Amino acid sequence: MSLKVVPQSIEIRNNKIEFENLLFFIIDSTSSVKIEPLIGYDAIIIDSKDADFAKLILRKIRGHYNPEFYLKPIFLINYKESKDPILQNMNDGIIHSYDQLKDIADVAKQIFLKTTQLDYQLVATFEAQMVKKVLNYMYTRDLKTLKPIPDLNSAIGYTYPEISVNFDSAEETQVLEILGWGEKEGLIWPDFFERIYLCNNCNGGFLSYREVCPHCNSSNSSAQDLVHHFPCAYIGPLSDFRNTIDNSLTCPKCNKALRHIGVDYDKPSIIHHCNNCDKNFQDFFVKAKCISCTQDIEVQYLIPKSINIYKLTKRGRTAAANGFLSSGREVEDIFGAISMPVFKTLLHYEIERIKDNTEQKSSIAIINIENILELYKKTGKKGEKSILENIVNLVRENIRTTDFIAFENSSTLYLGLINCDYLQSEADLLNLKTLIEKLIRNNFNDFEVKINFKVKLLQPFNKSEFQLDELTKELFD
Ligand SMILES: [Zn+2]
Ligand SMILES: [Zn+2]
Ligand SMILES: [Zn+2]
């Protein structure tokens, strides 16, 4: 039995190629720079004869907020070696002819597969969104590190292509902030690579370092040797020893001719002369003039920053597919709830109060909604906030006005139940559990939330933090 291999003829019609069920679009410098019509294509091939054009298109696609664009497989043809880090690093392959279509089709399919495994839960803050975007890109391309690349076009001199593509080169310092956030959240891990210094006025990294006069800050100075004449111990700049006629040197103090260096004189150091204020000085200041904002800064006031190579942590590697929640800051401003620090302070006062008044009983409670993230996934970030607000309203209506509520994060809340003993609190919480379940069921298509809670009597002689920790442990263990 013989197998016939029929070479698939590749037909390009109106810049389109159909190949193995994939629809490719070829962009060349005659194409529109609008990228929106590209959404319907499975992969893009950019003709890079015109490198500037290729760069522009690639930046637009990769810098887009929508994963339909920024995750799209992009290949380059007619690519000439370029210094642009984005063009170099943010493509999915380079081909020399359309005969290689089979290879890039395989790459495109691989990327698709990975794309379907991503978690598309919306995250709250700008930093979180940006980091999630970068993690998504890295996940679909099997990238494990973010590497800085020296780049003349970056305001800080370095570019991290996967992040920088989202910013103008002038905004490059934001990239460092994003990276700092990702590090703080435990998603990436830094390995020191280089230190840079930035302008303390505009964060620019293009600095011109000069030696300046300590008296007038002028950089207009000249240096000359300092001469020490041994016989008379005179020390002065070389020019004091010179005459206008020949190259011989004569001591201005004792009028003797200088003979041999090391024998009757030497040059112990260098002296600077300021051509602006006419003063002499031995040690100059080093100042850095910022090329972007022209501020002249003493070097000790520059902002030092580490440029690191970042590796994905375990949390970072799984975050693309599993999603992540950033710390609870964004749930603090829910009307009717207070922040955790305020909650702890109020609890502290309540402990003081019951200390003096032992027949007064108050309680603390924790409520955890185990599967509420499933719900947030459906509703998005806006929905998350309104769900939380509805829950707070409901809880508020069913507790006393002196009681207080705080969110630890978007699935866990604490209650301070004042003048409420254990049995009463337990009954209150059971009631709240039923009410919250009903609220969610009625508003979200019969979605069943799993609610766990725990109640404890407030102890008069224990710190509030300790008691909250105990309560939390008992719920989750
Ligand atoms: Zn500046
Ligand atoms: Zn001067
Ligand atoms: Zn002398």
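Predicted model: local features only at pLDDT ≥ 70, side-chain atom pairs only at ≥ 80, totals over all residues.
Before you start, residues are numbered from 1 along each chain as its sequence is written. Local features need pLDDT of at least 70, and side-chain atom pairs count only at pLDDT 80 or more.

**Stop one: two helices.** Select residues 126-141 for helix α5 and 314-322 for helix α9; helices here are DSSP runs of H or I with at least four residues, and strands are E runs of at least two, numbered from the N terminus. The α5 and α9 axes, lines fitted to C-alpha atoms over the stretch in contact, lie 9 Å apart at an angle of about 95°. That makes α5 and α9 roughly perpendicular (65 to 115 degrees). Now show side chains: Lys132, Leu135, Asn136 and Tyr139 in α5 meet Gly316, Arg317, Ala319, Ala320 and Ala321 in α9, where contact means heavy atoms within 4.5 Å.

Move to β10 (residues 207-212) and β15 (residues 285-290), which pair antiparallel over six bridges; pairing requires at least two DSSP bridges. Pick Tyr209 and you will find Ala288 as its bridge partner in β15. Lys289 stands opposite Asp296 in β16. Five residues separate β15 and β16 in their hairpin, and Thr294 in the turn has a positive phi of about 65°.

**Last stop: cysteines.** Which cysteine has a relative accessible area of 1%? Select Cys251, which is buried, meaning under 20% relative accessible area with a 1.4 Å probe, protein chains only. Cys274 is buried as well, at 0%.

Technical notes:
Chains lettered and ligands numbered in written order. Heavy atoms only, no water. Axes fitted to C-alpha atoms, helices over the stretch in contact; angles between N-to-C directions. Parallel < 35°, antiparallel > 145°, perpendicular 65-115°, else oblique. Buried < 20%, exposed > 50% of the residue type's maximum accessible area, 1.4 Å probe, protein only.
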